[in-house]
Amino acid sequence: MNEAPTNSNNQDQENFILSFFKLESSGGIILMFAAVLAMVFANTELRVYYDLLLSTPVAVIVGPLEVAKPLLLWINDGLMAVFFFLVGLELKRELIEGELSDRRNIILPGVGAVGGMLVPAMVYVYFNYDDPMLRQGWAIPAATDIAFALGVLSLLGSRVPSSVKVFLTSLAIFDDIGAIIIIAMFYTDDISFVSLVVVACCIPILYLFNRYKVEARSLYMMVGLIMWVALLKSGVHATLSGVLVALFIPLKSATRKNFSPLKSLEHDLHSVVAFFVLPVFAFANAGINLTGVGTEALLHSVPLGIALGLFVGKQVGVFGLCYLAIKAGWTRLPTGMNYTALYGTAALCGIGFTMSLFIGSLTFEMGGMDKFFDERIGIIVGSVLSGIVGFVLLKISLKAPPEQSK
């Protein structure tokens, strides 16, 4: 108990990252299983039941208020709000006292995230520049699926140093910030002023809860539900309500020493998101019928732009900007990593899956275009190729521990 506070904080941060890695990597494996299961359903006689399930109408009516959507959109708008709520909790904790609270730990993953969003978007736009409607999909290959990426990383076992896990996790957090900004700025329908007023009224209430260290989860969830419905009706995507509510959850308790309402809620939600929310989303969105599909389907501008954006753009963007930042002296290569490992990690960032599917559904649903197949085949091809290349490069560059290298 006599350890210096700094060492204790560093150890707590590292232990949290390692426990996060274990949970997210195992969740990533289940995510893979859900995606494969969706493909099985979509390409067998079970297809009719798969389509029937996702198109099932679900309605909630309270007086004059009605929210009616097919089950697929309840999953994409409702369950994914829980995912973004968890992202918001992680973001707040990391920025206040986690890895991202130290500026030295921000530069490399931050630069990598910027490159990992800009270059894939440019690759996609290159292939779809002539069509303004298709060009709206530029953000699809800009996303990284942290659960899937860590799931692939976990297959390498104990040879992966904590620095690689921390770098990938931190980069994914910055990537999530970028996705949140992109969704808020570019993926909105016609704006409803009345609904946004309701959202605006919710924010001061959440502020007062935080100011007076209110810890009752039910109060935050009640205001969050009102905000979710209002955003759903406003034209701004409803999942952003999860992020907004998360930012007001108190980090420290006013009544219980060494207790964090935010960390407690984050801990409770991790399993729900990793083992239920994301697998359900993957099952609902990954099912595409490959019957009669030839190489010409992959050469269409949308799947080609997405696949190459994820597979080539992510590697070039993440590694390229990180390399330039290191050579310019702005930052340094993390301990335990070499440039091959950095490139392999950059390749893993090309696994866009969950977030790419989510942004893709927003893009072409709002644009009124039926690009379900094009977008998903591009995401799957780009993500699979990125996962394979990243795994191989990391296996080559990261040596096994001495006790396992016999």
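Analyst: We begin with accessibility: a residue is called buried under 20% relative accessible area, exposed over 50%, and partly exposed in between. The model discussed here is predicted. Lys 263 has 34% relative accessibility and therefore counts as partly exposed.

User: With which residue does Lys 263 form a salt bridge?

Analyst: Side chains of opposite charge can pair when their charged atoms come close. Here the partner of Lys 263 is Glu 97, and their closest N and O atoms are 2.3 Å apart. This pair links distant parts of the chain, since Lys 263 belongs to helix α10 and Glu 97 to helix α3, 166 residues apart. Glu 97 is partly exposed, at a relative accessible area of 28%.

User: At what angle do helix α3 and helix α10 pack?

Analyst: The angle is about 145°, and the axes lie 9 Å apart. The contact of α3 with α10 comprises 19 nonpolar, three polar and six charged residues.

User: Which residue forms a salt bridge with Asp 268?

Analyst: Arg 217 does, with the closest N and O atoms 2.9 Å apart. Asp 268 lies in helix α10 and Arg 217 in helix α8, so the pair ties together parts that are 51 residues apart in sequence.

User: Is Lys 314 buried or exposed?

Analyst: Lys 314 has a relative accessible area of 1%, so this residue is buried. A polar atom of the Lys 314 side chain lies 2.8 Å from the backbone oxygen of Gly 116.

Note on methods: Residues are numbered from 1 along each chain as its sequence is written. This is a predicted model: local features need pLDDT of at least 70, side-chain atom pairs count only at pLDDT 80 or more; totals for chains, interfaces and linings use all residues. Side-chain values use heavy atoms; hydrogens and water are left out. Axes are lines fitted to C-alpha atoms, for helices over the stretch in contact, and angles run from 0 to 180 degrees between N-to-C directions. Helices (H or I, at least four residues) and strands (E, at least two) are DSSP runs, numbered from the N terminus. Ala, Val, Leu, Ile, Met, Phe, Trp, Tyr, Cys and Pro count as nonpolar, Asp, Glu, Lys and Arg as charged, and the others, Gly among them, as polar. Buried means under 20% relative accessible area, exposed over 50%, partly exposed in between (1.4 Å probe, protein chains only). A polar contact is a pair of N or O atoms within 3.5 Å; within protein, one must be able to donate a hydrogen and the other to accept it, and residues adjacent in sequence count only if both atoms are side-chain atoms. A salt bridge is a side-chain nitrogen of Lys or Arg within 4 Å of a carboxyl oxygen of Asp or Glu.
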